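Q: I am new to this structure and would be grateful for a close look at a single part of it.

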Amino acid sequence: MTRIVTLGRTTFLTPAERLLHGRSLLDAIGDGGAEEWLRLSRQVGSDTDRRWRVSGRIRVGFHWFDMHEPADWRSAPAPGPDGVIAFSTEPPGEAELCLALCHAEERVREDALAYAADRPKVLPLVLIRCADHVEAVRERARALLAAAPAEAVRPLADLALLVGPQRHGQWGWELVVDRLGGVPAERIEWLTGHCDDEVRRAALRAAVRYGLLPDWRAELLAADDPEAGFRRIAVLSGMLCADTLEHLAATDPEADVRRPALDLLLRQPVADVLPRLLRLAGTSGDKALRRRALDAVRTYAAGTPLPSPEDLLASPALAVRLLGAEELVRAGRYAELEPLLTDRAAKLRAVGRRALRAGGGDPRAYYRELCAAAPTKGAVLGLTECGDPADTALLWRLAGQADAPVRAAALAGLRRRHVVTPDRLLPLLADAEPGLAKAVRGAVLAYGDALTEPELGALLAPDRSRAVWRAALLLLARRPVVVRRRVARTLDRHADPAVRAWARAELARRLRWDVYTGRDAALALADGTPREQVLELEDPAAWAALDIGTRYIAAYGPERFLSRVETALCHPSGRVREGALARAAGDPGLLPLVAVRCADWAAPVRDAARRLLAEALRADPAGTLCALTPMVVHLAARARGDWAVARFQEALRAPEAAAVRAGLLAGADAETRRFTARVELELLREAGRYGRAGASAAGPLPGVPGSAAGRPGTPPGHPGTPPRRPGAAPGLPGAAELARRAAGEDDAVVRALWADASLALMAAGGTDRAAVEALLGARSGYVRAAGVTALRGAGRAGEASGYLADRSAQVRACARWLLRQDGGDPRAAYLALVAEGPVPEPVLGLAECGERADAPVLTELLGHADGSVRAAAVAGLVLLDAAPPALLPALLDDPSSAVVREARRALYDRAGAVPADALYERCRPEHAPHTRSAALRLLARQGAYDAVRIAVGLLEDPGSDPVLRDTAGRVMRSWNWRATLRSYPSGELELRQLARRYRRTLSAHEAWRWRNPLP
């Protein structure tokens, strides 16, 4: 009997769209709160507004549809030509009535109100219409709501609270308050913790209005809330103390909070507020706020004495020191302004020079004397500001001082006088002193921007100094990423470790070439940027992205992309592409795009490109194969890409192409190495070195004529395979060379091809000792397993016992098979190894081939001193299905993280059998981080409410362990909030608060993607 699953509400349709499909209010929004009614009204109003009706495509699940397919709003109720609203039934149904009450046209809303009487389900929408911007609709809705019974109006308190702040919404709120017999204080206080920002904002405003917000709550809101709007409400409540207002005015990141805080602070008594204003003028990062604070200080200074000018001059803030200088000038105390001559601020040095001149002194002579005796940064800057050309020699001497700030100031002065060259400043760009680097950065970076790519590379030559190398890296950081990667490829063996590390970091970051990056490249090429600064010329994906990106962006302005050959070859017009092929003839740099056009959908373009590519292959076979094979392999999956694949495969099979194949096999592109490897293996088969002609021992060869559709029935190295003597194959590798290639290959596919081919050659032509040793010495478990398999053909089956304890499970399996073929007993061998001295690999091997009778041996190892052995014993017991259920929870307290990980994996599918109290206890801070992480994951598996509390606490604690924070983040991202709310209905308020606290830990992008999962 087939069970029919009842379909619930789909998450791909909005509540408004569900109503459009005739669903009931319960199906549309369920038991949603007040915010859901407001969203429904806004969405229907937006969707039925004919002024903004557009057409396009919309994604529903994994598929794209025309936006009118899931919801065609032309079928919604609307006035006909005679102005009459046409409903499908009379009176209209619940769904149609809701749509009409939220309609964008006022006539529809007004007529719908005539049917809303005695319909209590739509009363929330009537309340929303009581705040309608159209007076006729508003008055009619108010009459309906006023006539409704009190018991139907009282549940609308939350919605009235939301509608109240609207322009005409106060009437509805007052009506609900009247029917309730007073302000619902408890409800407003509860809603101040709501997870929806709009509901919470309205509740907080009502709490402030009716005096329901206590002082401590306002202080907490102003200090801890992440939303600026809520902090502003706390400020405007007038309940904050002066210290909190000062703190908000000085440190809050939002100007909408800082400035009201300053306004309220200015209302404090003058004697109390004056020192606060001076601190704000010195510490606030808001320039406008500092100016207002200083203006207020000057205003208060008329009737209130300021602190002494000496105290003001000692302030770290420039604005306050300027105020102190003004006070000294106003008092005529010029002698006390002498320390300002060497101040770090230029404005104060200027004040000091004016004061010195007013007293008859010479600032330049003062600076020269000071620089000659004990130079300081302020003195050197002051000497520069005097502007006398005769001081250049003194500045050059100061540029050689040991004190870095003095050198930086002298170099800044020399730069201002245009007497230094960029070559002399270049080593200083990487100076450890930030001030010195800043003094030369402008000139050096402008100089570096004018250098060509070879000139930049020359700065990294071995004969340059280390400081120049560091400076060259800073200059390269300003260049496009493709230029940086191109230079980085030449620096893998540089003498400086920092340069090598930079090159590795640049090459490790793989560029993502898609339609958007291709679009940007097309625009840059159209603007005249050289192609080597836009595209990574060695990456086939870059050319393919340029092709699709040009077609994408050229639809909006095709004429812009006609001038450059690169963009013309990718133009949407076939005639333009065909004409560009003639312009591309003779330019080897454009051959990748010619290869792209060989798979073009337009036959004339395709034929012309194929002629150009065939001519390039005839003229320079080796160069064309080396340059274009990665591009051809990249295009092989296209509908018409097989032509180029066949031509290049034929060219690579030529005897003179052996060096080209070797170069391609040593390249960085894995797909190219796979293609070349399959070509070389096919040549080995045709030479009769192994297998039947055209039968692949290493798998099918896509795109290779005559390749097999699968592996042969007899595996390589099997004793039943008849020996075959190798034929003549000059330039082709032997079994030892193939084994060495397999051992040194990074790509798993190519590694498997070489290993299988080496086994097949040895099966056909006899065992090669060098090949077997190369296979056995590889790092890859697959290759070592092939070497163990080859031991039997070499007559060395007795060596299989040496690989029973290999770290790879695949090698251990091959060793057990070989030992059985030689008459041995792997289980007995493993028992002997474990008894001799247990290590993790034999313990796992015993579990892989053992029996349940071996469980006591593994159980005894749970008390071993080595944590890796204990972890292997736990994994082995799980493999044998003999893990004691009562013992596994205790293993969560093991000091080894490996043991705890294996225990957690074993308990994961039966987490419900572990007592939640025990897991909760293990989440406490006194336990190890790995124990706490495992316990938290098992609690989350149980769906326990405590897991949410613990995870939120870990995410909010900046000092928690990174592993724990990562576990807590994964738990919260996958948490089923609605199921928890159904299981713990009494904890709804706490659950909403936890969801809001979790959202506080997210970045803006993560918070936007997370959405609020609670109804």
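How much space lies in the second largest pocket, and which residues line the second largest pocket nearest its centre?

A: The model is a predicted one, and the values below are computed from it. About 1100 Å³ of space lies in the second largest pocket. Its lining is made up of 41 residues. Nearest the centre of the pocket lie Leu537, Glu538, Asp539, Ala627 and Pro630.

At least two residues each come from α31 (497-508), α33 (540-554), α36 (591-597), α37 (603-619), α38 (621-634) and α40. Helix α38 supplies the largest share, with seven residues.

Side chains of opposite charge can pair when their charged atoms come close. Across the whole structure, a search finds 66 salt bridges. One network, joined by salt bridges that share partners, consists of Asp547, Arg551, Arg577, Arg597, Asp600 and Arg638.

Arginine 661 pairs with glutamate 680, and their closest N and O atoms are 2.9 Å apart. Because arginine 661 lies in α40 (residues 658-665) and glutamate 680 in α41 (residues 670-686), the pair ties together parts 19 residues apart in sequence. Both partners are shielded: glutamate 680 counts as buried at 4% relative accessibility, and arginine 661 is buried with a relative accessible area of 3%.

Helix α41 is involved in another such pair. Arginine 674 forms a salt bridge with aspartate 747, the closest N and O atoms being 2.8 Å apart. Arginine 674 is in helix α41, whereas aspartate 747 is in the loop between α42 (735-744) and α43 (748-765); the pair thus links distant parts of the chain, 73 residues apart. Aspartate 747 and arginine 674 are both buried.

Glutamate 737 pairs with arginine 740, with 3.5 Å between the closest N and O atoms. Because these two residues are three apart in helix α42, about one helical turn separates them. An α-helix has 3.6 residues a turn, so residues three or four places apart point the same way. Glutamate 737 is partly exposed, with a relative accessible area of 30%, and arginine 740 is likewise partly exposed, at 47% relative accessibility.

Definitions and conventions
Residues are numbered from 1 along each chain as its sequence is written. This is a predicted model: local features need pLDDT of at least 70, side-chain atom pairs count only at pLDDT 80 or more; totals for chains, interfaces and linings use all residues. Side-chain values use heavy atoms; hydrogens and water are left out. A salt bridge is a side-chain nitrogen of Lys or Arg within 4 Å of a carboxyl oxygen of Asp or Glu. Helices (H or I, at least four residues) and strands (E, at least two) are DSSP runs, numbered from the N terminus. Buried means under 20% relative accessible area, exposed over 50%, partly exposed in between (1.4 Å probe, protein chains only). On a 1 Å grid over the protein atoms alone, a cavity is a set of points where a 1.4 Å probe fits but cannot get out, and a pocket is an open set with protein on both sides within 12 Å along at least five of seven lines; lining residues have an atom within 4 Å of a point. Grid points are joined across faces, edges and corners, and a volume is the space filled by probe spheres set on the points.
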